[in-house]
Amino acid sequence: MPETKKYTPPCYSIALVSACALAYEILLLRLFSIIQWHHFAYMVISIAMLGYGASGAFLVFLQKHVEKKFSLIFLTNIALFSMTTVGCFLIAQQVRFSPEEILWDAGQLPRLLLLYLLLAIPFFFAANTVALGLIRYKKNISRIYAADLIGAAAGSLAIVALLFLVFPSTTLKLLATGGMLAVACAWLELKCAPRSLALLFALGSLFPFLFPEAWTQPAISPYKGLSQQLQVSGSRIISEHSSPLGLLTVIKSPVVPLRYAPGLSMNATGEPSPQLAVFTDGDGISVITNPGAGRETLSWLDQTPSALPYHLAAIEKALILGSGGGMDVLQALYHRAPSIDAVEMNRQMLDLVKNVYGDFAGNIYNRQEVDIHVAEARAFVSTTGKRYDLIQLGPLDAFSAASAGLYALSETYLYTVEALERYIDRLSAGGFVSLSRWIRMPPRDTLKLIATAAVALENTGVSDPHNQLILIRSWQTSTLLIKNGRVTAEEIAALKKFCRTRSFDLAYYPGIHGTEPNRYNILSEPFFYQGALSLVGNGRQDFLDRYKFNIAPATDERPYFFHFFKWRILPEILSLRGRGGIPLLEWGYLILIVTLLQAAAASVVLILLPLLFYRAGKKKQQSIHGKGKTLTYFFSIGLAFLFMEIACIQKFILFLHHPLYAVAVVLTGFLLFAGLGSAFSSHRILARQDRNPVALPITIIAFMGLLYIFFLSPVLNGLTGGPDILRISLTVILIAPLAFCMGMPFPLGITTLSDQTPGLVPWAWAVNGWASVISAVLATLTAIHFGFTVVILLALGFYAIALVSFPQTASGE
């Protein structure tokens, strides 16, 4: 196996490995969403970065062997990356980790740590591949880092396309295949002999497809709705459909019929029609309902809290946001609404109702009264020119996950102050916004919606929002109505009759008497009435401060509607451990904190401690200000890059009208232009800046960051109604200069170290990875508590620290 010359770095194989590694990271996000819940996304990012950081620590000890056996070590690491992508996932499937039990079962924390370390292994080998190139080809650092970033950019686009075409389990095998193809590519690039052996590696890439399909199927948590439904006698899966937006699983239950009707009155005499359940990622149930032969078979649809608007006004034009399986559309049809716009983001869901199970669903999406729109709900409201008598948004999340607080880290722009302002703006005179949520005790979601609605009304110029709100509740759900105008006496009379005949509780209406609430579904105290009364009156802020949970209105700057946790209740939770304290828990937020602590601990063990045993030669130590400055520089740019990237993805979600488009376009744009910036970093324009070559790019980063803070939102809001191609092009244009400059600090720092102290190159790689391990979690915590503007400001602060700590020679050599 002859060694290749130093001046021919294997950039294509490095790019391919980086593409597969980034795709694997995004795939793990999908797999964790299916197996567990969304909040593990932040854990996945930290897992990837932990592997990259540990790689640098490992290569500190291995670097002296790199020169002698580079090809063997390089090829071995690529091959191990390929094998562990599938292998480590298969082993991880056997680790029975249950986040719901983490406070009660001491065995869950070690299992979480085991998962963390196990899934970091493929990233460790992928990182070794890049770092080996940086160590070996010191004169081509900018090219190698550019190949790494551009490859990752390609991977972020490729994985989105793959997830539209094949199931996640098949995608996992394809990524392992890509890893073995990278081995074949590297064999040719390194000019190893015999060259024909590359064909054998290419053929070996098909090996993952010999595994039985069942091995790579995600093992869904037993606490998820799908797992529980499959325990019901006779329940079976009749079809599955996958895309980046979710894995849709259709369930038929002929023995014990499905009866999904959120908040159905106990007084209802008719039972729900035959249904098929559709679970998204194993939870988040929607149903496809068979309407039966006549209108009378759907009378049960009039026995849910969401039917209230149809009894208060004549609904001519209805807008259903998140129409899903079509039950809310069916309710509008039952009440003879002549014009219904149904908005659903997942095209596959619409296809199930309209085509695959169209006959079963009564072809409701083909009815003349119904217009369907494939769009994100907030985006549709922002761009439509229509006005509606009713805008309806049902409980889109699953009851079990919502009750456990597992959506605490899910950013949603559907329930922010700005969203409600848009909904109100699209109402006709006297129209209603109807928002339904699951009942949680102690109350959280419902009270937060009331506070948000009151602020939204005030922002639209309403001086007395308490006159435009109605709140009712059943045993399971609550419905909040926001009226475009004052609630009339006739509407209050109709409201009381509606609730009385269905045994629904009045929680708030203008002029409600203290004896009216809490009559049917009796609580120990009329919590919803008390909360609503405080939140619509002058004592709102005092109530928000005193309340046990965080129910302050969510905003586009801090779109974490489901974040209810307050640190001051943690002692109470711990004191109730094992004694019924579960309703107080907000699992998603606590898991994030545990992830941060474990990430920091794992980083210390796997990254920092091994480096304490490393000592550079005396002469080399004297050629720089010291390892402390090197640590500060690479730690700062590691934090800054991910802070800025995460903030920008969030800033563009609303503008691109789709979270998937935002991640694909922003992530790809960032990585692509950062890669081009890395390639440019060796240019003589920067080389002439002898004292500090990062001064120019960091100055431009600071300038662009401040422009984003002050001008980005107004620019995006003004162009949000433009065509897709315009918005995507503008996004790329706005990202390009920032990302281009952000791609320079790392290769410039590594090049300087390589010239002066090559022994510290893997150490710098490790430190940068260590920062990245915790940056994703820290950025999220910062956004939850302070907003994304603060995240950008912190990123700029980290870049300023990097500017003054750039590793230069003591004498300015």
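Helix α10 (residues 327–334) is followed by Arg336, whose phi is positive, near 60°; helices here are DSSP runs of H or I with at least four residues, strands are runs of E with at least two, and both are numbered from the N terminus. The model is predicted, so that local features need pLDDT of at least 70 and side-chain atom pairs count only at pLDDT 80 or more, while totals for chains, interfaces and linings use all residues. Residues are numbered from 1 along each chain as its sequence is written, and side-chain values use heavy atoms, with hydrogens and water left out.

Helix α10 is mostly covered, as eight of its eight residues are buried, that is, under 20% relative accessible area with a 1.4 Å probe and protein chains only. Among them are Met327, Asp328, Gln331 and Tyr334.

Thr249 lies in strand β2 (residues 246–252) and is likewise buried, with a relative accessible area of 1%. Contacts (heavy atoms within 4.5 Å) link Thr249 to Leu226, Ile237, Ser239, Glu240, Ala277, Val278 and Phe279, leaving aside residues up to four places away in sequence. The side chains of Thr249 and Glu240 also form a polar contact of 3.1 Å, a term for a pair of N or O atoms within 3.5 Å, of which, within protein, one must be able to donate a hydrogen and the other to accept it; residues adjacent in sequence count only if both atoms are side-chain atoms.

Glu240 is also one of the residues that line the second largest cavity, together with Ile34, Phe167, Pro168, Ser169, Gln217, Pro218 and Leu247. A cavity is a set of points on a 1 Å grid over the protein atoms alone where a 1.4 Å probe fits but cannot get out, and its lining residues have an atom within 4 Å of a point.

Methods
1 Å grid on protein atoms, 1.4 Å probe; cavity = no way out; pocket = protein on both sides within 12 Å on 5 of 7 lines; lining within 4 Å. Buried < 20%, exposed > 50% of the residue type's maximum accessible area, 1.4 Å probe, protein only.
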